[in-house]
Amino acid sequence: MNRSKLITTTALATVMSASAAHAELSLSGFYAATIADADGGTTHGTSTSSMYVTYTDTLDNGMGLTFNISASAGWHGADVFIDTGMGTLGLGDGQDSAVDKMDGSPAIGGSLNAYGPRFGTAFNDGDAASGASIMYTSPSINGFTVKVSRGMEVASAASTAGVCYDTDATDSTLVAVAAGATCATTHTRLSGSAAVAGHDAVMSYAVSGSVMGLGVAAGVSSIDYHAVGTADIDPSFMTASYSLGGINLGYAMYDSDGTSEETQMGVSTAIGGMTVGVTFAEDDNTTDTDYMHIGAIKSLGAMSYSVEYLETDVSGTDTGDSDTWGFTYTIGF
């Protein structure tokens, strides 16, 4: 993705001191949207619409500093990265979990659509539970990079009963139901909240690298809940990729620790200036589901687009089966 660099004395003067000559300010952005037709129902949705402002400098002690602000339609955050010379320390809203940073699937070729990285049940990689994490990224050691993240602990919150209201028969205003009365389905609850299960600090570990041309990655997150009856989970993943004569082979496994396990195998290659790929996947769940994905990507420089087909086949029933065609387009700078 090309980045438009805005490096001027005037712009940098607003965020820098006398060391302005060693610093850099850059602006970049990325947009992705998909038009999809799932068995006759057409949708058009934006999956990413973000702008990024990045400031880099060198500290007095020689360490590198990067400050990044990200803004999208539904979220904004800031991150600080400190290059210590023995690895990089990341702090801020976008650190999330180490697993989240490395769990992309090499098995899904020919796709610009974000599958998260699974076709089926969402993979709980510890991202949401981690919150604003602290993350360490090692330097490359014999071709391998290690990431370790620690999220923040979250306290449990008890539920609150709230107040029930009923509609007055005379003027349709809401009137509080008498204390102790049953809150019937016809009543309106205007306050109260459900219980929230807190958890310990989420620890996440991931590693990626290459051995004799075989690209590998693996990781695990540990999510330990405080609430009785909420099971602790250790979701994990493993991926492998290999290229031979212009053919790219990919494998991925995502284990949600007791709820589901999805495995993927795929192949992709370049044909006529496009990247095309085929993927087969199986989600081992309460009800097993098979997937087949076919896609082709065309890059036009700052803009790319893909045409994709996803077949979903639920085991033992026609309910939930679907055939989805999608056209995804992205713009990045």
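Modeller: Two strands pair if DSSP finds at least two bridges between them, and that rule is applied here to a predicted model.

Colleague: What makes β3 and β4 a pair of strands?

Modeller: The rule asks for at least two bridges, and strand β4 (residues 64–72) is joined to β3 by nine bridges in the antiparallel sense, so the two strands pair by that definition. Within this pairing, Tyr 55 has Phe 67 of β4 opposite. Five residues lie between the strands of this hairpin, where Gly 62 has a positive phi near 95°.

Colleague: How many bridges join β2 to β3, and which way do these strands run?

Modeller: There are 15 bridges between strand β2 (residues 24–38) and strand β3 (residues 41–58), and the strands run antiparallel. Along them, Thr 48 in β3 stands opposite Ala 32. The hairpin that β2 and β3 form has two residues between its strands, and Asp 39 in the turn has a positive phi of about 50°.

Colleague: Which residues make up the largest nonpolar core?

Modeller: This core has nine residues, among them Ala 98, Val 99 and Met 102, together with Phe 123, Phe 237 and Tyr 254. At least two of its residues come from each of α2 (98–102) and β15 (247–255), and α2 gives the largest share, three residues. A second, separate core has five residues, including Ile 108 and Phe 119.

Colleague: What is the nearest side chain of opposite charge to Asp 125, and how far away is it?

Modeller: Lys 101 is the nearest, at 9.2 Å; a salt bridge needs the charged atoms to be within 4 Å, and the buried Asp 125 has none. Asp 125 is found in the loop between α2 and α3 (127–130), and beyond its neighbours within four places in sequence its contacts are Ser 97, Val 99, Asp 100, Asp 103 and Ser 221.

Colleague: What is the phi of Asp 96, and of Asn 142?

Modeller: Most residues other than glycine have a negative phi. Asp 96, which is not a glycine, has a positive phi of about 55°, and for Asn 142 the value is near 50°, also positive. Asp 96 lies in the loop between β6 (88–92) and α2, and Asn 142 in the loop between β7 (134–137) and β8 (145–150). With 16% relative accessibility, Asp 96 is below the limit of 20% and so counts as buried, whereas Asn 142, at 73%, is over 50% and therefore exposed.

Conventions
Residues are numbered from 1 along each chain as its sequence is written. This is a predicted model: local features need pLDDT of at least 70, side-chain atom pairs count only at pLDDT 80 or more; totals for chains, interfaces and linings use all residues. Side-chain values use heavy atoms; hydrogens and water are left out. A nonpolar core is a set of buried Ala, Val, Leu, Ile, Met, Phe, Trp, Tyr and Cys residues joined through side-chain atoms within 4.5 Å. Buried means under 20% relative accessible area, exposed over 50%, partly exposed in between (1.4 Å probe, protein chains only). Helices (H or I, at least four residues) and strands (E, at least two) are DSSP runs, numbered from the N terminus. Lys and Arg count as positive and Asp and Glu as negative; His and the chain ends are not counted. Contact means heavy atoms within 4.5 Å.
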